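Subject: A structure for you to look at

Hello,

I am passing a structure on to you, together with some notes on what turned up in it. Have a look at it first, and then read on.

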Amino acid sequence: MKTFFHVDMDAFFVSVEELFDPSLKGKPVVVGGQPDERGVVSAASYAARKFGIHSAMPLRTAYKLCPQAIFVDGHRERYLEYSEKVFVVLQQFSPRVEMASIDEAYLDLTGTERLHGPPLAAAHRLHEAMRRGTSLNCSIGASTSRLVSKVASDQAKPNGVLWIMPGGEARFLGPLDVRKIPGVGKVTERNLHACGIRKVRDLAALEEAFLEERFGKWGLALAGKARGEDAGGWFDGEVGEGDDPKSISHEHTFSVDTADTTAIDAMLVRLAEMVARRLRDHKLWTRTVQIKLRYSDFSTFTRAKTLDHATQIDTELAEAARALFHRAWSGKAIRLLGVYAQSLEADEGQTNLLEEEKTERWRKTLKAVDRLRDKYGDGTVSLAASLKAGFRARVHENPENLPGKTPKKEE
Ligand SMILES: [Mg+2]
């Protein structure tokens, strides 16, 4: 019998901000920027959520819903620091920990009963240890599958523990809305509703063949999920297998939509630099560069390119990103730009021998640059083109590109 926990920090960004400014406690707080800015909400406190504010909503909309909310800028370095503390606590309970995002993780506790006791007792101990170790609240779901544990931690919020006993999975999931199943987004929900399927039990009652015919492979995964199994793209690997991120990305929302080629090029280079920096921090190389562009009317395009060799070098990423952009760009004003590194590798693979000397020189330069950045902050050293890019990093509590966050078949 397997035992999995899903541990999810409660209102993580807001709670971390509260540690630095206790006067925020209990108030409607919006993390992500100021109300007159163009970006989106990174996180909202429970008090702010009561007004209908949620993450990814434009800051201005949040302000309209709740003008008395306190708007604070996000502090990525604080969240990373606390995410690290969360990880340290989790590791005391199992060596098999998979951080699914900055503030949530799966733990495989299979076979630890002699050490930690039955799942519910272990979950309570972890809950207390998290409070002691981080001064933060979390919610924990425990069950025989990651899927059920994830749904359970959500039901346990805020600051709760919920254990679904073996054999009780279907009874627990049955009465919930289909939307509660991880990976079921707006589009799938709409499609399921159109078939008269509203609750998980409706889904579980269907023939697999019907779901497969209707939704393809994703339908089969759905059928498994409805039964409480770790089915489909979310849970391909074992917990703790490959802790590396599957993709690294940075996005920027312009404060004023722009069609200015210089400003756009500068931002692409800046984003590429940030991605490259994180690749080097993680000792990863990328083989696929992807860009995302969103126009004023919110129409959004992505374009990807596979490189002939894996890289972690600013200029190579920037060059690829710019080439992709200029091939895809209609010339209309841009609202958002993103640069993504995918197909990540833990080593360079086959080095392009001809490029090696040039590459080696770059690597040395970049090492020095990274050292300077560590010392004086990220904005200090920058490739020339990015100097003009007025830059502001945006962080999201639930970024879409973390391992475990994005089902392979959806929307
Ligand atoms: Mg959370």
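Helix H1 (residues 12–20) and helix H4 (residues 76–91) have axes that come within 10 Å and cross at roughly 100°. Angles of 65 to 115 degrees count as roughly perpendicular, and H1 and H4 therefore stand roughly perpendicular to each other. On the H1 side the contact is made by Phe-12, Phe-13, Val-16, Glu-17, Leu-19 and Phe-20, and on the H4 side by Arg-78, Tyr-79, Tyr-82 and Ser-83. Seven of the residues in this contact are nonpolar, one is polar and two are charged. Please keep in mind as you read that this is a predicted model.

Strand S2 (residues 29–31) pairs with S3 over two bridges, in the antiparallel sense. Here you can find Val-31 opposite Ala-43 in S3.

Is Val-89 buried or exposed? Its relative accessibility is 4%, and because buried means under 20%, Val-89 counts as buried. Leaving out residues up to four places away in sequence, Val-89 touches Leu-126, Ala-129, Met-130, Gly-133 and Thr-134. For one of these, Met-130, the separation from Val-89 is 41 residues in sequence and 6.1 Å in space, C-alpha to C-alpha.

Next, the metal. Which residues coordinate the magnesium ion? They are Asp-8 (OD), Met-9 (O) and Asp-103 (OD), at 2.2 to 2.4 Å. Along the sequence these donor residues follow the spacing D-M-x93-D.

S5 and S6 form a hairpin with two residues between them. The two strands run antiparallel and are joined by four bridges; Glu-98, for instance, has Tyr-106 in S6 as its bridge partner. S5 is mostly covered, with four of its five residues buried.

Finally, take a look at helix H12 (residues 217–226). How many of the ten residues of H12 are buried? Eight are, and the helix is mostly covered. The buried ones are Trp-218, Gly-219, Ala-221, Leu-222, Ala-223, Gly-224, Lys-225 and Ala-226. Among the elements that cover them are helix H7 (146–156), helix H8 (169–173), helix H9 (186–194), helix H10 (200–204) and helix H11 (208–215). After H12 comes Gly-228, with a positive phi near 90°.

Happy browsing, and do write back with any questions.

Best wishes

Key
Residues numbered from 1 in each chain as written. Predicted model: local features only at pLDDT ≥ 70, side-chain atom pairs only at ≥ 80, totals over all residues. Heavy atoms only, no water. Donors = N, O, S within 2.8 Å, 3.2 Å for Na, K, Ca; no water. Buried < 20%, exposed > 50% of the residue type's maximum accessible area, 1.4 Å probe, protein only. Contact = heavy atoms within 4.5 Å. Pairing = 2+ DSSP bridges. Axes fitted to C-alpha atoms, helices over the stretch in contact; angles between N-to-C directions. Parallel < 35°, antiparallel > 145°, perpendicular 65-115°, else oblique. Nonpolar A, V, L, I, M, F, W, Y, C, P; charged D, E, K, R; others polar.
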